[in-house]
Structure formats: C-alpha cells, structure tokens
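The following paragraphs lead the reader through one protein model. They take up a pocket, then a sheet, and then a salt bridge.

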Amino acid sequence: LPIFKLSCVGRARVKPAWPTDDFSPTMMFYCCVTAEDKGDMAEVEAISTQSVVVPLKQENEQDNIVEEASKPPKVEEPPKVEEPPEPPKVEPAPAPAPEPAPYAAEPEHEYRPLVLKLRKKDGALGIDVDTTHENLCLIAKIHERGVVATWNSTCPEGTAIKEFDRIMSVDGVSGKPSLLMAALKKSNETVQIALEHPRISEFSVKKGGRKLGITCTANEKSTGARISHLEDGLIKEAAGHVKAGDLIVEIQGKQKMPKQLTADLVALEEMSMKVCSYSS
C-alpha cells in the first residue's frame, strides 16, 4: 500500500456566534496530501469572522410606542409647602376673684301689729315676759299649758304668739316695759294685746382679722344680747338691715345667757348668729 504523509497546510480560528463554554476557541483544518504533491501546496491563512447578534423585534413594540404617545404628558406635582407649626397655645391667666359686693339692701320690712283678745279663764297667760331692755317688752318663753298655748293650738294661720314677740300695748296701755307688765297683771277675764313679730335674720361671719362692728349690752336676766352700737364691719355687710337696738338671741344655733353670747362674739373666729330686729 502507498504511504501517505500528513502535513498541516492551513488552520483557522473561528469564534462561534453564540456563547458557550464547551466549544474550543480554535479549530484546526488539515489536508491529507502525498509527498509528491507538497510542492503544489500553499498555506492559506484562515479568515476569522466575528459574529453579530441581532435581537428579534418584539411583536408588540409598535403597539407600545403608539400607546405611550397617546398618554398625556405626566405633570409633576408642585412641591408641598409645609405650613409653619402653630405656636403653642397660652392659657390666659385666671381673672382675679371679684371683690364681694356690698350688701344689697332688702325691701323695707313692714311691721304689722297683731291685735288679739285672750280669755284668762284661770288668770294665767302661761308666758314669761322680759322687761329688762329699754323700750322692749318681750315674750321670753311660752309654757306648754296656759291661755297662750291653748290659743296657738286653735288659732288661724299667721296669728300664733311666738317667743321674741314684742308686746306693743295691753288694753290700750303702751310705753315702757314696766307699764305694760303692770297692765297685764291688772287685766281681768279678757285681755287685748297688740304684738309685733320681729324680723329674724340668720347669717354667718368669718372675722379674718376684721372687726364685727358692734357693741352689745348684756343683763343676766335679759333675753339675748342687745346691740347698743353698730358701725361698719362684718355684721353690717352680712345683714344691712340690722341696727342698734336689735337683739342677738342665738350663736352657733343655741340660745345662751347674755354674757356667754358676748363672750362668743369676742372669742370665735367664725360663727353663725340669729338676730331679731324690731321697729323703732
């Protein structure tokens, strides 16, 4: 058999048009020739080509272009301007408490005498009379049995006789308490009495370093402590109608002896009182 000699007459480097890790970057080309044909051989340098990848056109690309063209241009919103923070609210200072208004004068009290005719069956009216105050003859106490108690249990409304009522006249006699008392003792089976109900005031005061503005007189046999002098002060502010000549009959809700009443007026810082006012 004839012997052939292989000789490399050419080679070329080809780069594939797609990426791959398995393909060898160099490909060799060989020709099988005899020794006699060698003189006719020529080396040919292989021409390497570079592949170009052209992406396929998307089918809906034209639709997207038309669709985007039909949309209105996007308008950018103007930047938001932040409002300045509200200043902290300042609470107004509380208004000072108003000063107490001066006492508003009440309508003038009308003193109406109550004239009664009483029958003295047993000769006793059943009352204690206080004649120690100048120009005041007072009913100090009403006993459970007696003409006055019987009258009070059956009398028309508004005509009952009460403690601290002032006796104005007895059987037409008026004047000093001693004269009125004498007329009561002198009366026979019937007696006509004219009475005056006092104007009663109940109020409280707190000194707080201020003065009451009153001067009182007290007699151990008297009913209450009588106001002998009145000036500007707590009493006048609390009850503007109270005047000199009126009678303090209770302090802290209790009837007390006159000297104890006057002592409480001096000692107590805060107190309630009951005052009886009479016509002049």
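Which element gives the largest share of the lining of the largest pocket? The model to which this question refers is a predicted one. The answer is helix 2, from which four residues of the lining come.

The largest pocket holds about 240 Å³ of space. It is lined by 13 residues, and those closest to its centre are Arg 119, Lys 121, Gly 146, Val 147 and Thr 150. Two or more lining residues are given by each of two elements, strand 4 (114-119) and helix 2 (147-154). Sorted by class, the lining consists of five charged, four polar and four nonpolar residues.

Five strands form an open sheet in the order 10-14-13-12-11, and their pairing is antiparallel. From one strand to the next, the twist averages 40°. In general terms, the strands of a sheet pair through backbone hydrogen bonds, in either a parallel or an antiparallel manner.

Two of the pairings can be followed at the level of bridges. Strand 11 and strand 12 run antiparallel and are joined by four bridges; here Thr 217 is found opposite Arg 226 of strand 12. Strand 12 (residues 225-230) also pairs with strand 13 (residues 247-251), again in the antiparallel sense, and this pairing extends over two bridges. Within it, Ala 225 has Ile 248 of strand 13 as its bridge partner.

A helix accompanies this sheet. Helix 5 (residues 258-267) packs on the sheet and touches strand 11, strand 12, strand 13 and strand 14 (270-277). The direction of helix 5 makes about 75° with that of strand 13.

What remains is the set of charged side-chain pairs. How many salt bridges does the count come to? The count comes to eight salt bridges.

Terms used
Residues numbered from 1 in each chain as written. Predicted model: local features only at pLDDT ≥ 70, side-chain atom pairs only at ≥ 80, totals over all residues. Heavy atoms only, no water. Pairing = 2+ DSSP bridges. Axes fitted to C-alpha atoms, helices over the stretch in contact; angles between N-to-C directions. Contact = heavy atoms within 4.5 Å. 1 Å grid on protein atoms, 1.4 Å probe; cavity = no way out; pocket = protein on both sides within 12 Å on 5 of 7 lines; lining within 4 Å. Points joined across faces, edges and corners; volume = space filled by probe spheres on them. Nonpolar A, V, L, I, M, F, W, Y, C, P; charged D, E, K, R; others polar. Salt bridge = Lys/Arg side-chain N within 4 Å of Asp/Glu carboxyl O.
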